[in-house]
Structures are given as structure tokens and as C-alpha cells.
Amino acid sequence: MASPTSTSRGIVAAEPTPIELDWTATALLIIDMQRDFMEPGGFGETLGNDVSQLAGAVPPIAALLKAARASGMLVIHTREGHLPDLSDAPPAKVERGAPSLRIGDPGPMGRILIRGEAGHDIIPALYPLDDEIVIDKPGKGAFYATELGDVLQTYGIENLLVCGVTTEVCVNTTVREGNDRGYRCVVIADGCASYFPEFHQAGLAMIKAQGGIFGWVADSAAVLKAMTPDRSNRVAAGASR
């Protein structure tokens with residue numbers, strides 16, 4: 001991880017309140033931006049969803065990813081999926097609902113939600129660099145049965161910028177897990193998406209309710225502004241010392 005090049009702290013305009021973050025103790029956590037969820041023929045579509053509903057989250061995430069890489073911020077990507085023998089996929093998960101293709105079935109991008117298959121991988125627009133961390137998870141939350149907690153502790157992370165899909169499922173579950181572990185989670189409103197717009201709004205409302213019971217919610221522009229404060233303000237501050 002490179003040394004941060006931006007100012008070490010910034011105040012993000014967020015709901016329910018602004019939050020000051022130490023960027024050296026902050027990680028960008030990108031949840032499940034995988035072909036199986038984002039593209040036709042993947043698991044999301046087999047459930048009967050309109051995958052185009054998720055496309056709007058890609059540009060804001062890409063902008064944050066670019067800024068995080070430039071600043072040296074720790075970047076972590078997650079992928080939901082299972083071992084080829086499905087030994088880590090509970091029958092209750094595999095059998096639930098009535099998708100056209102179930103987890104493990106052959107699909108247009110390989111076996112559905114199976115690690116190593118094309119559909120399981122991250123979309124090209126947000127593809128991880130070689131030195132970025134990729135967490136493979138068998139569940140909805142990024143902490144369950146993964147090394148994420150150890151990684152965050154190793155890097156001294158206290159704050160998480162969380163984005164990805166879907167807002168009400170894997171993003172919400174991860175934020176709740178992170179909150180219970182003491183992390184300050186800022187969810188990127190326009191960097192998350194759901195197949196159901198009303199679920200997206202409800203998912204964000206749950207996070208910031210009751211004074212931020214699970215975390216904060218902010219737009220990508222607010223985070224980017226806090227990461228790179230106006231240069232004229234920095235110059236003025238320096239002159240006043």
C-alpha cells in the first residue's frame with residue numbers, strides 16, 4: 001500500500017451527521033461487484049431481477065476507487081461464491097426460492113456463483129489491481145467465515161467506506177457486522193444499488209436511522225471532496241500558521 005498523498009484527515013458531509021475520518025485508518029470496501037450479479041446470465045438474473053438496475057453504482061465506485069488508489073488508501077474487494085463441491089453452501093441457501101438456475105448450475109459464464117468461474121469474478125470496470133486485497137466470502141456478510149477482520153486489524157483500519165451490491169443484502173449485512181466489531185462505516189449512497197429501488201432507499205434509511213445506529217450515509221462526491229479539500233483552503237491555512 002502506497003503512502004497517502006492527500007491530507008491525512010477530512011470531514012465528510014454525511015447523514016445523520018458529518019463525520020471526520022483519518023484516511024490512514026480508512027479502507028475502501030467494495031462489495032460483490034461481480035459479473036454474476038451485474039451482467040445478464042448471472043445469478044442475479046436467474047432470480048428474475050433486472051440487472052441493469054445496478055449499473056448506476058459503477059461510475060461512483062470507479063471514481064472512489066481511482067481516488068483511493070491515488071491516495072494510497074487500502075482497497076478491499078469482496079466476492080460472494082462457493083467452493084466447486086458446494087461444501088460451504090448450506091442446503092437452505094442453495095434450495096431457497098425458485099431461480100431459473102441454482103448455485104452451482106452451469107450458466108452462460110460458468111457454474112453459477114462458483115469460485116474460479118467467469119461469472120464469479122469482478123466486472124472489468126472495477127477490476128482489482130494485483131496488490132489489492134480480494135476477500136472470497138461464502139455468505140452475505142464480508143466478515144462471516146473470512147479473513148477480513150484479520151486484514152483490517154493488520155492494517156490498523158478503524159473506518160470503512162462501504163459500497164457495492166446489493167444495498168439491502170450484502171452491503172447492509174457487512175455494515176451491521178462491521179458496526180458490531182467497532183468499525184465506523186460510511187456507506188456510499190450512489191455507490192450502492194439494488195434490483196429494487198425501494199429496497200435501496202430502505203437499506204440506506206436503516207443504516208443512518210436513530211442517529212446512525214449502524215453507520216453514516218454519504219454521496220461519493222462528498223467523500224471525494226473530503227479526501228481532496230480545496231487547495232485554496234489549504235494554502236490559506238498554511239499561510240495563517
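Predicted model: local features only at pLDDT ≥ 70, side-chain atom pairs only at ≥ 80, totals over all residues.
## The largest pocket

The largest pocket has a volume of about 470 Å³. Its lining is made up of 22 residues. Nearest the pocket centre lie Phe37, Phe43, Leu47, Lys140 and Val169. Two elements, α4 (91-95) and α6 (167-180), each give two or more residues to the lining. The largest share comes from α6, with 3 residues.

What classes of residue form the lining of the largest pocket? There are 13 nonpolar, 3 polar and 6 charged residues. In general, rolling a probe the size of a water molecule over the atoms shows where empty space is left.

## Helix α3

Helix α3 covers residues 58-71. How far apart are the end C-alpha atoms of this helix? They are 20 Å apart, and this agrees with the 20 Å that 14 residues should span at 1.5 Å a residue. Just after α3, Gly72 takes a positive phi of about 85°.

Several residues of α3 are buried: Val58, Pro60, Ile61, Leu64, Leu65, Ala67, Ala68 and Ser71. An α-helix has 3.6 residues a turn, so residues three or four places apart point the same way.

## Glu80 in strand β4

Strand β4 runs over residues 74-80, and Glu80 lies in it. Is Glu80 buried or exposed? Its relative accessibility is 4%, so Glu80 counts as buried; the cut-off for buried is under 20%.

The side chain of Glu80 makes a polar contact with the side chain of Lys93, at 2.6 Å. Beyond four places in sequence, Glu80 touches a set of residues that includes Asp32, Gln34, Leu113, His120 and Cys170. Also among them are Lys137, Pro138, Gly139 and Lys140. Phe37 is another residue that Glu80 touches, and Phe37 is one of the residues nearest the centre of the largest pocket.

## Gly191 in strand β9

Gly191 sits in strand β9. Gly191 counts as buried because its relative accessibility is 1%. Which residues does Gly191 contact, leaving aside neighbours within four places in sequence? They are Ala57, Pro60, Ile61, Cys163 and Gly164. Pro60 and Ile61 are among the buried residues of α3.

Ile122 is 69 residues away from Gly191 along the chain. The C-alpha atoms of Gly191 and Ile122 are separated by 15 Å.

Key: Residues numbered from 1 in each chain as written. Heavy atoms only, no water. Helix = DSSP H or I, 4+ residues; strand = E, 2+ residues; numbered from the N terminus. Buried < 20%, exposed > 50% of the residue type's maximum accessible area, 1.4 Å probe, protein only. Polar contact = N/O pair within 3.5 Å; in protein donor to acceptor, adjacent residues only side chain to side chain. Contact = heavy atoms within 4.5 Å. 1 Å grid on protein atoms, 1.4 Å probe; cavity = no way out; pocket = protein on both sides within 12 Å on 5 of 7 lines; lining within 4 Å. Points joined across faces, edges and corners; volume = space filled by probe spheres on them. Nonpolar A, V, L, I, M, F, W, Y, C, P; charged D, E, K, R; others polar. Expected span 1.5 Å × (residues − 1).
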